[in-house]
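Visitor: I'm new to this one, could you walk me through it?

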Amino acid sequence: MSDLPDAERLLHKSVLVAAPAEDVWWAWTTDAGIRSWLLDDSRIELRVGGPYEWYFDDGEPGLRGSEGCEVLGFQAPTMLTFSWNAPPHLAEARAQRTVVLLRLRPDAQDAGTRVELTHLGWGDGGQWDEAFDYFDAAWGRVLERLAAYFQDSVDSADVPESSDA
């Protein structure tokens, strides 16, 4: 019988984005950036202790998104950590916070950026398991949307302008 604790439960997602790390950094760390590809409202202040809030709904304050979450640390343009909460329908888990670590790794071979997201700090059982399953799907969709945003930007830049000559 081992005296070692069980491995920490975590989510890890990764996607290759067709943009330099500085552009992806802007997309995650500014209100204008996050609003360009993911949602309509946010409150992001890139400083330790600054708010890192995404608003998905126009509902009552406290039930709109990641309210009360904050920047825990950063190293521009490659690392961001922030606290995170569960969605409003999982009130028990939402009352506490988890931690998200975002790493941006330039990929010279593909001239893009590898975006790696790790979400940890999960409790066990009950709504913690539901929240884990929720974010296992949600973070994948978020990263797919990020990649699509930058791919669409690249595709648009590649389209030659029409000539009326």
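Predicted model: local features only at pLDDT ≥ 70, side-chain atom pairs only at ≥ 80, totals over all residues.

Visitor: OK, how many residues has the largest nonpolar core?

Guide: That core has 40 residues, and Trp 28, Tyr 52, Trp 54, Trp 139 and Leu 146 have the most contacts inside it; a nonpolar core is a set of buried Ala, Val, Leu, Ile, Met, Phe, Trp, Tyr and Cys residues joined through side-chain atoms within 4.5 Å.

Visitor: And is Tyr 52 buried or exposed?

Guide: Tyr 52 is buried, at 1% relative accessibility, where buried means under 20% relative accessible area, exposed over 50% and partly exposed in between, with a 1.4 Å probe and protein chains only.

Visitor: What about Trp 54?

Guide: Trp 54 is buried as well, with a relative accessible area of 1%.

Visitor: Switching topic, what is the strand order in the open sheet?

Guide: The five strands follow the order E1-E7-E6-E5-E4 with antiparallel pairing; strands (E, at least two residues) and helices (H or I, at least four) are DSSP runs numbered from the N terminus, and two strands pair if DSSP finds at least two bridges between them.

Visitor: Which strands are at the edges?

Guide: The edge strands are E1 and E4 (71-75), each pairing on one side only.

Visitor: How many bridges join E4 to E5?

Guide: Four bridges join these antiparallel strands, and Gly 73 has Thr 81 in E5 as its bridge partner.

Methods:
Residues numbered from 1 in each chain as written. Heavy atoms only, no water.
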